[in-house]
Amino acid sequence: MKLIGRLDEQAAVNRVLEDVRAGRGGALVLRGPAGIGKTALLDHAASSAEGLQVRRAAGVESESAFAYAGVQQLAAPFLDAKNLATLPHPQREALESVFGLRPAAPTGRILVGLALLTLLSNAAATVPLVCVVDDAQWLDPESAETLAFLARRARPEAIALFFAVRGPRAGAPTAPFDGLDELRLDGLAPDAARALLDGAAPGPVDAYARRRIVAEAAGNPLALLQITAELSADQLAGRRPLPQALPLGDRLARSLTGVVHGLPEATRLLLLTAAADPTGDEALVRRAGTALGADPDALGAAEERGLITLTGRLGFPHPLLRAALLADAPAQELRRVHRALADATDGAAAPDHRAWHRAAAEPGPDEEIAGELADAAVLAQRRGGLSTAEAFLRRAAELSTEPCRRAERLFSAAQAAMAAGALDSGAMLLERAEQELCTDPRQEGRAPLLRGLLALLRGRGSDAAPLLGAAARALEPRQPGRAQWAHLLVFQTYVHAGRYAPAQALADAARAASASPRSARPTVRELLLDGFAARFTDSPAAAAPLLRRAIEELPPEQTGPELEMALYAAVELWDDRASEVLSEQHLRLTRTLGGLVLMPLALSARGESELLAGHLAEAQVLYASVREIAQLTGNPGIIGTVPPGEVMVAALRGDENRARDVAESVVAHAVEHRLGGLADAAAHGLAMLHIAAGRYPEALGHLRFALDVPHSFVSTAALPDLVEAAARAAQPDLAESAALRLAESTRASGTPFALGIDARTRAVLAEAAGAEASEVEEAYAAAVGHLRETRAVVHLARAHLLYGEWLRRQRRRREARERLRIAHKLFDSIGAKGFARRASAELEATGEHVRREPSAADTLTSQEARVARLAAEGASNPEIADQLYVSRRTVEAHLTKIYAKLGVSSRTQLARHMPLGG
């Protein structure tokens, strides 16, 4: 059918198709109200994709409770054994698990998204692929987020994606597709509306009738067509009056079902059965129809009228018809249809669908069905279907016959919703659970625990801590393990709250945690509680043995607050190797097991580890993923929409304007959500900007928090910079105070990193105090020697720089040049331009002209630099793709560009250009 009045919109669609024919992928969101013509434009995209592969999917409101149902529509043709065998093993397991092709296993959305990207990228390798998704607002949350993840990575692939999305509604939450290229559809212009009306009318149209229809339809093409179809030829021609109310709005939906009412009873019943079934399984609908007494062949009459399609997956061509059928059906008849669908569903193959239909067929409480739904929710969670688990548990609660079971299922539904990132739903379910008149002591403490967790996930640490503390006290008598978990969350919360935590709050929390029951042999959780309690109330020396043992005994598959607090312990202990291992574990497990709401913490922690090693490009890519997840979920969480680590990246790169802009955004979020740790991280980044330029008084202004807020998660790392800034700004008392605090930590640790930092600060203090040259030199040499044994490349380079500067001031130019050359090379190779400029200026002062060769950090993008480093270290293309959340084809494209930019032809040659992987 020719589109009228949509030339610009067709051109936008055609541009995406032209790009994908040329091997450049893309995504386009068509947004507008129902009936505005989104589906017609999707049809245009599909019909114009001649010679390309086309896959269609549609969101269905009744199907939105089933995780990955939308993804399965697109992926189904590619799920054969041959295609699945091309996927890396973890990706294959993820897809097979969520689609029920293997026993359920914990699967995170990021891993499913990566698997889908690889699967479709492989499918598009020879013939480009066009994916057309209608009614995307009704996709299940897992599918919506997975497809948005795919769309943001489509550019290097021969994949085009078109999404039709209704809305936006006023006050609607951020949707996963926000931020993609978007085309907003408005009503047709009056000329186009009149042309569409005249073309659809069976005969001539009276001028008055035309004006009234066009005015009431307000440019909505579907309304124009439906009104025209409902009016007689005499009414359109003006020979008979128009009805007082034209069939618009709710009447439009009734006009759709009016078409169905004229069909034979068996056909109408089968259409309702198809509308109630979310699987699109024609055989299932026919079996259920037979049980209802309807001849299965009666579906043919609906197909002849264009009301349903029977080729492949059973579907409704008209996007509103399914919803209209379900809304129009009497409740008793709809329950009868669901009962027939439940009986026709294989309970062994699809227990979740059978349970869902049984629940929909039941008008009142039924404990047997409630239990079946709760069991199905467990299965859904194992497959990563957190939103499905929430929906099943919510319905199970409605069917529960006992208040305590109802409360238990509502609490579990709230927890599933929170894990899925649906925090508003979690809050509502939690409120309902608390209203149940349940006296089960096992439920005590669960409400404040979940309320505290909810506040924490929303990034409101100051609100979370009191709730979590109350939960811990309530849980201790009967559930000591869960109480300890709550105590650990309190620590995590106060560490993030930092300066906004009430005075003495952390010490009080530490004492409460210390008084909680203990096992005969301390668990990792108990070691962490006792270690941090000692750190907050005693000293680093008292804490270090406990924290070190906790890290050593942490299981390799441990997740949750134990792993997050172990990461903080590694920072406190100056254990760079543990930080690397634990941050990798955190990211790997969160990607595999967790919902997106937990990913920003893992990504940010990994980014900090990469920054320590001087891998600025890797850190920036990780922080970009944090931004993406905040966009997908609409929840800034603890980290915020702008990760604070980005300030440090910009500072090290010498990009002052960006560092200040990013810091402003981070601080605004920190103030609003009372997350002092974020503000401290931004301040630390700005201080680094000034230190690199030698502006020590300005740096000092940003670093005082390291003494004022000792338990901020940034303070320990910032103390060496405070010592240096205070010493160079002629504030010896402040420098000495910071050094004493730092020495408590470094000497309790004893790692090479700690010893190197301790030696460097001793050298800076000795130099500022005018100590003997031998004392200063011995300390600088020790700092360099220890830091060489660590991953802390930035700190090593700074030690060489300070050592070289001191040697130059001692007029030992030849030795100074040696240190300064090393510092300059290190800074230059990682892209730390601010420090590199300072090292260059110092070399010039020794009389050496610095001829700077362009480095990889100058010529490669952040993503390319990260690919280059991984390739130089020997990672295969699939391994690189897995780490970067891209396809192998994207990695190959990056490597082609990298080789051309650097003039190399092999990984061996590449390694010589990327000595430190910056």
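Before the views, a brief word on conventions. The model is predicted, so to speak of local features a pLDDT of at least 70 is needed, side-chain atom pairs count only at pLDDT 80 or more, and totals for chains, interfaces and linings use all residues. Residues are numbered from 1 along each chain as its sequence is written, and side-chain values use heavy atoms, with hydrogens and water left out.

**View 1. The disulfide between Cys404 and Cys438.** Welcome to the one disulfide of the structure (a pair of cysteine sulfur atoms within 2.5 Å). Here the S to S distance is 2.2 Å, and the link is right-handed, with 105 degrees about the S-S bond. Cys404 sits in helix 21 (residues 403–420), while Cys438 belongs to the loop between helix 22 (423–435) and helix 23 (446–457), so that distant parts of the chain, 34 residues apart, are linked. Helices here are DSSP runs of H or I with at least four residues, numbered from the N terminus. Both ends are partly exposed: Cys404 has 23% relative accessibility and Cys438 has a relative accessible area of 22%. For these labels, buried means under 20% relative accessible area, exposed over 50%, and partly exposed in between (1.4 Å probe, protein chains only).

**View 2. Helix 23 under cover.** Take a look along the twelve residues of helix 23, which reach 16 Å from first C-alpha to last, close to the 16 Å expected at 1.5 Å a residue (the expected span is 1.5 Å times one less than the number of residues). Ten of the twelve residues are buried, including Arg446, Gly452 and Leu457. The cover includes helix 21, helix 22, helix 24 (461–475) and helix 25 (480–497), where contact means heavy atoms within 4.5 Å. After the helix comes Gly459, with a positive phi near 80 degrees.

View 3. A salt bridge is a side-chain nitrogen of Lys or Arg within 4 Å of a carboxyl oxygen of Asp or Glu, and the whole structure holds 60 of them. Glu646 lies in helix 33 (residues 645–652) and Arg658 in helix 34 (residues 656–673), twelve residues apart.

**View 4. Glu372 meets Arg354.** The closest N and O atoms of this salt bridge are 3.0 Å apart. Glu372 is in helix 19 (residues 367–382) and Arg354 in helix 18 (residues 351–361), so the pair ties together parts 18 residues apart in sequence. Arg354 is partly exposed, with a relative accessible area of 26%.

**View 5. Arg821 and Glu848.** Our last pair forms a salt bridge whose closest N and O atoms are 2.7 Å apart. Arg821 is in helix 43 (residues 813–830), and Glu848 is in the loop between helix 44 (833–845) and helix 45 (856–859), 27 residues apart. Arg821 is partly exposed at 41% relative accessibility, while Glu848 is buried at 18%. Elsewhere, salt bridges with shared partners join Arg728, Glu767, Glu805, Arg809 and Arg838 into one network.

Notes. Helices (H or I, at least four residues) and strands (E, at least two) are DSSP runs, numbered from the N terminus.
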